[in-house]
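Me: I'd like to learn how to read a few features in a structure. Could you walk me through them?

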Amino acid sequence: RMKIVHDDITLEDNYIWGAVCNSTSIGGMIRLDKELVDFNDGLFEVMLIKSPKTLLDLTKIVVSINTQVYDPEVIHFFQADELFIYPETEIPWTLDGEYAPGSKEIHIKNYHNAIQILI
């Protein structure tokens, strides 16, 4: 169970999986529509998959991921530049594939154009 706050919106539910990214591929397994992802807009793409309560919910999750049409009954998909995540229990997570310990509060912020790369 988690509470996620972004842009004055609060989501609270049981989630089995979640990702905050700026990519068209999540873990090499889930593809996002290239039209939804702008690498330079200062926004993260956020996907939260609710814990299925029925076999129909599980089917909706699979169909939503495969069609890239996210059913809000089972998947929250949105963009945000900042998130506050409050898990009910401290659960470990990964940061770019690397282990991160659990915490009662996780703050993720996109610092748009924070560095300049010269080529």
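Me: Which strand does His-6 lie in?

Reply: Strands are DSSP runs of E with at least two residues, and helices are runs of H or I with at least four, numbered from the N terminus. His-6 lies in strand β1, residues 2-6. This is a predicted model, where local features need pLDDT of at least 70, side-chain atom pairs count only at pLDDT 80 or more, and totals for chains, interfaces and linings use all residues. Residues are numbered from 1 along each chain as its sequence is written, and side-chain values use heavy atoms, leaving out hydrogens and water.

Me: Is His-6 buried or exposed?

Reply: Buried means under 20% relative accessible area, exposed over 50%, and partly exposed in between (1.4 Å probe, protein chains only). His-6 has 6%, so this residue is buried.

Me: And how do I read a sheet?

Reply: Strands of a sheet pair through backbone hydrogen bonds, either parallel or antiparallel. Two strands count as paired if DSSP finds at least two bridges between them. Here 3 strands make an open sheet in the order β3-β6-β7, with antiparallel pairing. β3 (15-21) and β7 (75-80) are the edge strands, each pairing on one side only.

Me: How many bridges join β3 to β6?

Reply: There are 6, and β6 covers residues 44-50.
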